[in-house]
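Please take a moment with the sequence and the model below before reading on.

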Amino acid sequence: MKKLSKLEAVLWNIAFPGFSQLLTGQYIKGLLFVTLEFIMNVNSRFNSGIMYSFLGEIEKAEAVINYQWLLFYPCVYMFSLWDGYRTAMPEGEKYSYLPFVFSAYMVTVGLMISPKVTIFDVHPGPVFLPMSFVIPGLLIGFLIRWVLVLRDKKMVIRK
């Protein structure tokens, strides 16, 4: 079984959920993530939405996307990222899931509100608005993780 660095594991899963699991020999889990990503991607018509969004045709992106399917995507995607990271992280690392969890929550919220949000007369749509919500999700998750790690250190010092 190949050992990946944390960064390598996350980057492979950003490219396609399940890749780092396949690279580390976790074939069943990797195939499950690849299959789930494929099913959600096809049924949500996400690739068409991405294409229209990058072409600046946000209304077409909104019309083509099936939100019922796409709402599953952020959680599976972030879980796959976290799972790849978890496989590569040091044994004692704690609370590493928090940035991934909060990013999944925030991207899902961004996706839900994307049809209604316009910022400075720019309508980011169902691709760019949820993508921008990754940043606050990561910040919230890292902040909570930092607070919990500090709390744990103080508890160890008191003992």
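With which residue does Asp-83 form a salt bridge, and how far apart are the closest N and O atoms? Its partner is Arg-86, and the closest N and O atoms are 2.6 Å apart, where a salt bridge is defined as a side-chain nitrogen of Lys or Arg within 4 Å of a carboxyl oxygen of Asp or Glu. Before going further, note that this is a predicted model, in which local features need pLDDT of at least 70 and side-chain atom pairs count only at pLDDT 80 or more, while totals for chains, interfaces and linings use all residues. Residues are numbered from 1 along each chain as its sequence is written, and side-chain values use heavy atoms, with hydrogens and water left out.

Asp-83 and Arg-86 are three residues apart in helix H7, which means that about one helical turn separates them; helices here are DSSP runs of H or I with at least four residues, numbered from the N terminus. Asp-83 is buried, with 1% relative accessibility, whereas Arg-86, at 35%, is partly exposed; buried means under 20% relative accessible area, exposed over 50%, and partly exposed in between, with a 1.4 Å probe and protein chains only. Lys-29 joins these two residues in a network of salt bridges.

By the rule given above, the count of salt bridges comes to six. Another one of them brings together the side chains of Arg-145 and Glu-93, at 3.8 Å from N to O. This pair links distant parts of the chain, since Arg-145 lies in helix H10 and Glu-93 in the loop between H7 and H8, 52 residues apart. Arg-145 is partly exposed at 21% relative accessibility, while Glu-93 is buried at 17%. A further salt bridge joins the side chains of Asp-152 and Arg-151, at 3.0 Å from N to O; here Asp-152 is buried at 15% relative accessibility, and Arg-151 is partly exposed at 40%.

Turn now to helix H1, whose buried residues are Ala-9, Val-10 and Asn-13. Because they cover an arc of only 95 degrees around the axis, they sit on the same side of H1, the arc being that of the directions from the helix axis to the C-beta atoms. The exposed residues Leu-7 and Ala-15 are on the face of H1 turned away from its buried side. The buried residues of H1 pack against helix H2 (19-23), H7 and H8, and contact means heavy atoms within 4.5 Å.

Trp-69 has its place in helix H6, residues 67-70, and is partly exposed at 31% relative accessibility. Leaving aside residues up to four places away in sequence, Trp-69 touches Ile-39, Met-40, Asn-43 and Ser-44.

Finally, consider the largest pocket, which holds about 810 Å³ of space. On a 1 Å grid over the protein atoms alone, a pocket is an open set of points where a 1.4 Å probe fits, with protein on both sides within 12 Å along at least five of seven lines, and lining residues have an atom within 4 Å of a point. The lining has 35 residues, of which Ile-14, Tyr-77, Met-78, Leu-81 and Val-134 lie nearest the centre of the pocket. Among the elements that give two or more residues to this lining are helix H1 and helix H10, but H7 gives the most, with six residues.

Conventions. Points joined across faces, edges and corners; volume = space filled by probe spheres on them.
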